[in-house]
Amino acid sequence: MNNSTQAEWELADDAWTRVEHDGSSQPDETDPFANNWDHSAPEVRRSYKQGGTIDWMDEESSERAHKQHLKSQYGLRGIVLPLLDSWRTWLVLILSGAGIGVIGAWLDVLVAWLSDLRTGRCTYGFFYNQASCCSGLDPGEICHEWATWSEYFGISSIFVQSILHSVIYVALAVAFATTASFFVQHYAPYAFHTGIPEIKAILGGFVLDAFLGPWTLLVKAIGLALAVASGLSLGKEGPLVHVSSCLASLLLSLIKPVTTAQSPFQKQNESQRRKILAAAATAGVAIAFGSPLGGVLFGLEELDTKLFSDEQLIWRAFVTSAVAATTLAYIDPFGSGKLVLFQVTTSQLWRGFELAPWLVLGVIGGLLGALLIKLNVQAAVYRRHSPIRDWPILEVALVTAATAVISWPVVFMRDQSSTLVANLFQECETSRDYHGLCNPASMFENMALLFITAIFKILLTSWTFGMKLPAGIFLPTMAIGASLGRSLGIFLQEWHKAHPRAWIFSSCPPEGTCIYPGFYAVIGAAALLGGVTRMTLSLVVILFELTGALSHVLPIMLAVMASKFVGDYFGKGIYDTWIALHGYPYLPPSDYRDRGQTAARVMIPASKVVTIQGREMMAFKLDALLNGCEFNGFPVLDGDKVIGYVTRDRLRQAIDPLVTQTNLDGEPTQSSNTPCTFVRQNHGFRGVNLSTILEEAQIHMRKEMPLEVVVSMFQRLNLRYVLFTVDGRLTGMMTKRDVVSLVNEGIEESRALSDRDEDEARTDRSEWIRSRIW
């Protein structure tokens, strides 16, 4: 440094400013740091960039410190402030539950009206759906208030009627779907798809704040109603998890945390925020299926096991789901006074011989679930690497038109998936005839139509789930499974009628009904939904609450068990597969088996790790390091000894004031000769000490450690990195993304939809950085 000038650093307003003046190099007696010129960097409040992961240890520590700070306040404040902080959490959750209940009811009404609008309208009110228009009629009574479009326009020609009905049916479908896609494409790109994979990744620590924004909430809700009403092979159940999380995030931003004038915690704690989002997400499932208990179990099984191991979080999820379900029941959008969507007659007895066909349905569900996932992945990868990617709205329009054209002549595909499932669950003795489903003269024709419906829906769902519009996969898969299950039930029922004295039917009564095809549809729906999502306990409870079929829980469990076993043999479920496709840093809670390998097999060797020499380094080199790579953190060495680890965000906030100054005109200038050190006791050093921004706790391990132990450490402790050392010397490093790639090795198309490959970036750019900086 030039001896004719002295650089002094002063801390003002939490930022470092450089003051240069001419004169001798004698220290300023008023400067407490002037004797050794070793100034510590100010404390940096942690922030996270999009696409990174949160530091769970730091966030949990900050939350504990925040609560302790509130309790330590003098007098009555030490009692009131902690209560207000707790009440804030409960207020957000209760408002989220009530809000998602209102949104769910509104979506049910809007979807029903838009769907019925494709076939006709109410004569005395345009905004009435068919059920509301024909309310108050006795069973079997003809509704004259609802008119098809040909009746409304007074067209008598059968040919013209057919043309008019089909044209309006297709045109409105295309209009609804393209409008939803337009909103997503231009206003909220994160509102497409189901949202459950991203919610799982966010709850696991992934930073994706734009995914929970207010525009995403609005577009997701409106676009979901339009997409479902278009008749595409998708559902609204899964996306409601995303909607409820967005609502909770919005409320968190409006209801500020409780702070004091002395409290340094002015922003929402990310760990606490994820716990609130997890509780709110369960309310989405509770509303989607009218299943509050199933919603809580869905969170425990599917969202994040580590979060839901906290009893307090389970209690919060229970309350939020109960509030949401109560709100939905109070509004009563179905006009039935019940939360049950698909009422099933539970008085039927089941026989032991039926366990065999039910297990067959479970195996078929696992096989077809794995096939649907495979087809869906191939469709997503093809879409990504083809010209279709540049025309998402046109793709939606063409697929919607094709779906409508295919669905119109097949009566079981013409209605909404929810209507199809509800009617397939019904027995002929307890319901009206649905499109001739109970006509004894056309049983084999119905079997063929149901089989065709299942095949078409598999193909359409595999392509539709991934287009640029909100889409869930619960109801389409239930419709496929219910169609196959009902078809098998009809076959067995006809077999029993033709051969009532066959040995297989020896347990059946001599007269009356023995086989109930409606419940075979329930079993088929459970089997295929389990084969696609790999849900087990929560799925059984959801179907029980969905249908009210308490006496048939055991058959449902057996079918789901068989489906899970078969599906797991072929790979992961649909949500974990999409997480792997996008390359999100999410670690599933399942155990990893290493087959005898050690950490040395997958760790990044020290020769390829970008490190920082912490004894002394110019600020411009640190700035060049951050500008030249996108790594989220760097090991800091003193010679060959590890002295710590610094994250990208803290390093950037610490050195920005050092390298960017302003002249007298306020224009930025660059200072390139500011020395920095990361060594805590660096005697004689004249510069800025950055040791305060080092991570306080790092996990050090030996590279001979079994690989499954390392993976388990990442899973249980929510680690972001592990350093491998020998006698303090760095031998390698492993990050959360490395472990995620390791766990996803079995998925062929892993990271196929990711915008960048960090593994290649790490390998290709590390040498460039070294050559440019060191």
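**Figure 1. Polar contacts of the Asn 689 side chain.** The side chain of Asn 689 forms a polar contact with the side chain of Ser 691 at 2.7 Å; a polar contact is a pair of N or O atoms within 3.5 Å, where within protein one must be able to donate a hydrogen and the other to accept it, and residues adjacent in sequence count only if both atoms are side-chain atoms. The model is predicted, so local features need pLDDT of at least 70 and side-chain atom pairs count only at pLDDT 80 or more, whereas totals for chains, interfaces and linings use all residues. Residues are numbered from 1 along each chain as its sequence is written, and side-chain values use heavy atoms, with hydrogens and water left out. The backbone oxygen of Val 679 is reached by the Asn 689 side chain at 3.0 Å. Asn 689 lies in strand E14 (residues 687-689); helices (H or I, at least four residues) and strands (E, at least two) are DSSP runs numbered from the N terminus. Asn 689 counts as buried because its relative accessibility is 2%, the term buried meaning under 20% relative accessible area (1.4 Å probe, protein chains only).

**Figure 2. Strand E9 and its pairing partners.** In strand E9 (residues 633-638), five of the six residues are buried. Strand E7 (residues 612-613) pairs with E9 in the parallel sense over two bridges, pairing being assigned if DSSP finds at least two bridges between two strands. Within E9, Val 636 is the bridge partner of Ile 612, and Val 636 also stands opposite Gly 644 in E10. E9 and strand E10 (residues 641-647) run antiparallel and are joined by six bridges. The hairpin of E9 and E10 has two residues between the strands, and Gly 639 takes a positive phi near 75 degrees there.

**Figure 3. Crossing of helices H10 and H12.** The axes of helix H10 (residues 292-303) and helix H12 (residues 311-331) come within 9 Å and cross at roughly 145 degrees; axes are lines fitted to C-alpha atoms over the stretch in contact, with angles running from 0 to 180 degrees between N-to-C directions. Pro 292, Leu 293 and Val 296 of H10 make the contact with Ile 314, Ala 317, Phe 318, Ser 321 and Ala 325 of H12, contact meaning heavy atoms within 4.5 Å.

**Figure 4. Helix H6 and the residue Gly 205.** Helix H6 (residues 196-203) is mostly covered, with eight of its eight residues buried. Among these buried residues are Glu 198 and Lys 200. Gly 205, which follows H6, has a positive phi near 115 degrees.

Note on methods
Buried means under 20% relative accessible area, exposed over 50%, partly exposed in between (1.4 Å probe, protein chains only).
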